[in-house]
Amino acid sequence: MELDFVQWTFISILLILPLLYELNGTFKYYAKIFLYYLGVNIVAIFVIILSLWRPGDVENYCYVVWTIRALRRLFGLEYEVRGQENLRDVGPCVIVANHQSSLDFFGMMEMWPERCSALAKKELRYFLPFGLAAALTGTVFIDRLNPESARSTIQATADLIRDKKIKVFVFPEGTRNHNGGMMPFKKGAFHLAVQAQVPIVPVVFSSYNDFYSQREKRFDTGKLTIQILPQVSTEGLTQAAVGDLTESIRSRMLEEFNRISAESRQPKMTSNTR
């Protein structure tokens, strides 16, 4: 009798969960966020296994690209990447992008170029298995709370960019911005580019607001535009120019963010008009 009660309870839960998912937006939000992080950590385990034979090599990012693109399809998200030619023919460089959510990981892998690493906060190293996978793919960790350590990391990364001929992806806002627009940029990525004397390639992700909102607990299907802007040279620039360089690029990215976000909000024309 007790076994029948357990079985019926289990069956009832299985029947109720899909209804909650369809009828309750908050439940759908948390369910999809849970599945997202679960999926990312499963991907991390897969990447760890495949990366062990060449630890720390940025070429291991190819495993991340394949698996994250496959995971993205499960969430019904579509991406349009524009300006890919602005990154295709660029050698070593610093890529800067706006940061809205952990879902940016999907967008990153849609436009991820060859021989590219990422600059990430030191704390992520300790989130296992994600942190170990990141280390094995050559991710550079920076201690943002220790200025001396951060400067040392930037110098070492500048040497790495020049010596290994790699690209480095950075979110200059430093943290996720869930409120639209762009927060002020931290200057580390721009110091890095000037120190390495490599160009900066700005990348802009359009607003998620049509399909995702942490504040409103909303996570639907949707489409995102990724605009890769022309490279900005740092040749001949000194550290004294970093402030103006930072503001100039942020202003250009914010303008592009507003443009492509407004474009995505426009109603689609129907084909019935004659």
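The model is predicted: local features need pLDDT of at least 70, side-chain atom pairs count only at pLDDT 80 or more, and totals for chains, interfaces and linings use all residues. Residues are numbered from 1 along each chain as its sequence is written, and side-chain values use heavy atoms, with hydrogens and water left out.

The protein chain holds 9 helices and 9 strands. Helices (H or I, at least four residues) and strands (E, at least two) are DSSP runs, numbered from the N terminus. Of the 274 residues in the chain, 46% are buried. Buried means under 20% relative accessible area, exposed means over 50%, and partly exposed lies in between (1.4 Å probe, protein chains only). Among contacts with a separation of 6 or more, 76% link residues 24 or more positions apart. A contact means heavy atoms within 4.5 Å. The chain exposes about 15,000 Å², and carbon and sulfur atoms supply 58% of this area. Accessible areas come from the Shrake-Rupley method with a 1.4 Å probe; for residues, only the protein chains shown count as cover.

Strand β2 spans residues 93–97. It is largely enclosed by the rest of the structure, because 5 of its 5 residues are buried. In a regular strand the side chains alternate between the two faces of the sheet. In β2, Cys93, Ile95 and Ala97 lie on one side, Val94 and Val96 lie on the other, and both faces are covered. Two strands pair if DSSP finds at least two bridges between them. β2 runs parallel to β5 (residues 167–170), joined by 4 bridges. It also pairs in the parallel sense with β6 (residues 200–205), over 4 bridges. Isoleucine 95 has phenylalanine 169 as its bridge partner in β5 and stands opposite valine 201 in β6.

UniProt, in an unreviewed entry, places the feature "transmembrane region" at residues 6–23 and 35–53. UniProt positions follow the numbering used here, feature names are shortened, and annotations may be inferred rather than shown by experiment. Over residues 35–53 the chain is 89% helix and 0% strand, with the end C-alpha atoms 29 Å apart. Leucine 35 sits in helix α2 (residues 25–51) and is partly exposed, at 44% relative accessible area.

Two further helices show buried positions. Threonine 153 lies in helix α7 (residues 147–164) and is buried, at 14% relative accessible area. Neighbours within four places in sequence aside, threonine 153 contacts Val140, Phe141 and Ile142. In helix α8 (residues 188–196), the buried residues include Ala189, Phe190 and Leu192.

Most residues other than glycine have a negative phi, and most peptide bonds are trans. Arginine 115 has a positive phi, near 50°. It is found in the loop between α5 (104–111) and β3 and counts as partly exposed, at 30% relative accessibility. The C-alpha atoms of arginine 115 and cysteine 62 are separated by 9.2 Å, although the two residues are 53 apart along the chain. Cysteine 62 lies in helix α3 (residues 61–73). Lysine 165 also has a positive phi, of about 55°. Its place is the loop between α7 and β5, where lysine 165 counts as exposed at 53% relative accessibility. Glutamine 197, which follows α8, has a positive phi near 55°. A cis peptide bond joins leucine 128 and proline 129, with omega about 5°. Proline 129 is placed in the loop between β3 (116–121) and α6 (130–136).
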